[in-house]
Amino acid sequence: ARLTAAKLVSYVQEDRPSHADASSRGFSVCEDLSDVTALTHINLQGNKLQNLSGLRRNEGLLDINASHNDLQSLEDLQRLKRLRILNLGWNSIKSSDGFLESSDELRVLVLNNNELRSVHGFRNLVSLTTLVLSHNLVEDLTALKNLTNLRKLSASFNRIRKFPDVHRFASLSELRLSHNKIASLPSADSLSRNGKLTILDLGHNPLRSFDGPGGLSNLKALQALRNLNLMGCPIREVSSCQADVLRLVPRLRILDAHRVDGVGRRGRGEKGKRISSNSEKQQNDDPGSPPTNKRTNDRESVRKRRASGEVQPSRAEENAERSSGEMVAKSKGHRRKSKSTDDAGNESVRAHEDFGNVPTSQPIVGVNKGSAQTAEEPNIEPEIEEGKNTAEAVV
């Protein structure tokens, strides 16, 4: 099937005449679409396209989703200088050569599940804030050193041997490098320049050392870190690893897909098992029951004595009742808040089937795959309004 300009007009959305949805139509050829001059957003995902030559002259395009096709290269997009969001995940792209030589507009580039070996062609995309390269054959990320505006970088499931030089990425908040061949970390001084990094996924890398050059102890420089994944790393087999990490990174909330903040930090064993006291077990078995403690017993005593008419409660007992009542109210409020937080955490776990099952404090992006979400990429910036057709945040 061939996608022509006439057919594309029939796929234009009535409420948004600049948006066209030609997804999952079985198109194998994209003819010249330049006659559709108002086009700014196009969804071509789920077809059989081998190239995007028909878009070469559509220089007004801002957003292209051509994921899940048979694309071989990026050469057809050289003239599209206004692009802000480009999703070419799940194709057969082997090279980054021939892409945009430079761009002041492109903010989001998604290229997961391709056959890329080099990222040299992206070195001048200085406005990029989100770059997704997971599930490729990349061995080195040195060419990205000029992308100083990056906030979210995903390069999991590649062949990377060296931790990328990200100290120049002062705005970086999310870095995913799981399932690579990284054996050491940068110095603490270098990592300290990433003061906004909150999510770091290093799962399934050959990290073995805690102290010394390149050791895990350098994570102490990441004082903003909230979410860390080390699952599958040899260092995780050391019995003291978890306690040492929590000591060095005091603000950590999630470690290896388990919550470690608040009560979780105090009551979790080395292997992530929750160590519950009797009172905690009671609350887990009966979430509606208040904690068992002295004040609760005092309150029950006051009620029984009043009911029997045996004696009038003393002022101390009245104070105990009032105090315990306030405590129960606070406890219920705490449980409601905790339940909400736990639900959010569980949702994050479900949303991270790749990246070593790491929940994040901010859900990742789901690249549209029909009606499903491929939830393995960083959350694309919500302020990019035009991106809603290409990538939607999982909430």
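What is the order of the twelve strands in the open sheet?

1. In this predicted model, the open sheet of twelve strands runs in the order E2-E4-E5-E6-E7-E8-E9-E10-E11-E12-E13-E14, and its pairing is mixed. Strand E2 (19–21) and strand E14 (258–259) stand at the edges with a single partner strand each, so one side of each is left without a neighbour in the sheet.

2. Within that sheet, strand E6 (residues 85–87) pairs with E7 in the parallel sense, over three bridges, and Leu86 stands opposite Leu109 in E7.

3. The loop between strand E7 (108–110) and strand E8 (130–132) holds Arg117, which counts as exposed because its relative accessibility is 51% and the cut-off for exposed is over 50%. Arg117 also belongs to a positive surface patch, which it forms together with Arg159, Arg161 and Lys181.

4. Asn51 is found in another loop, the one between strand E4 (41–43) and strand E5 (63–65), and at 36% relative accessibility Asn51 counts as partly exposed. Although Asn51 and Glu75 are 24 residues apart in sequence, their C-alpha atoms are 8.8 Å apart in space.

5. Helix H3 (residues 241–248) is mostly covered, with six of its eight residues buried.

Methods:
Residues are numbered from 1 along each chain as its sequence is written. This is a predicted model: local features need pLDDT of at least 70, side-chain atom pairs count only at pLDDT 80 or more; totals for chains, interfaces and linings use all residues. Side-chain values use heavy atoms; hydrogens and water are left out. Patches are made of residues with over 30% relative accessible area and no salt bridge: like charges are joined within 9 Å, nonpolar side chains (Val, Leu, Ile, Met, Phe, Trp, Tyr) within 5 Å. Accessible areas come from the Shrake-Rupley method with a 1.4 Å probe; for residues, only the protein chains shown count as cover. A salt bridge is a side-chain nitrogen of Lys or Arg within 4 Å of a carboxyl oxygen of Asp or Glu. Lys and Arg count as positive and Asp and Glu as negative; His and the chain ends are not counted. The place of a charge is taken as NZ of Lys, CZ of Arg, CG of Asp or CD of Glu. Helices (H or I, at least four residues) and strands (E, at least two) are DSSP runs, numbered from the N terminus. Buried means under 20% relative accessible area, exposed over 50%, partly exposed in between (1.4 Å probe, protein chains only). Two strands pair if DSSP finds at least two bridges between them.
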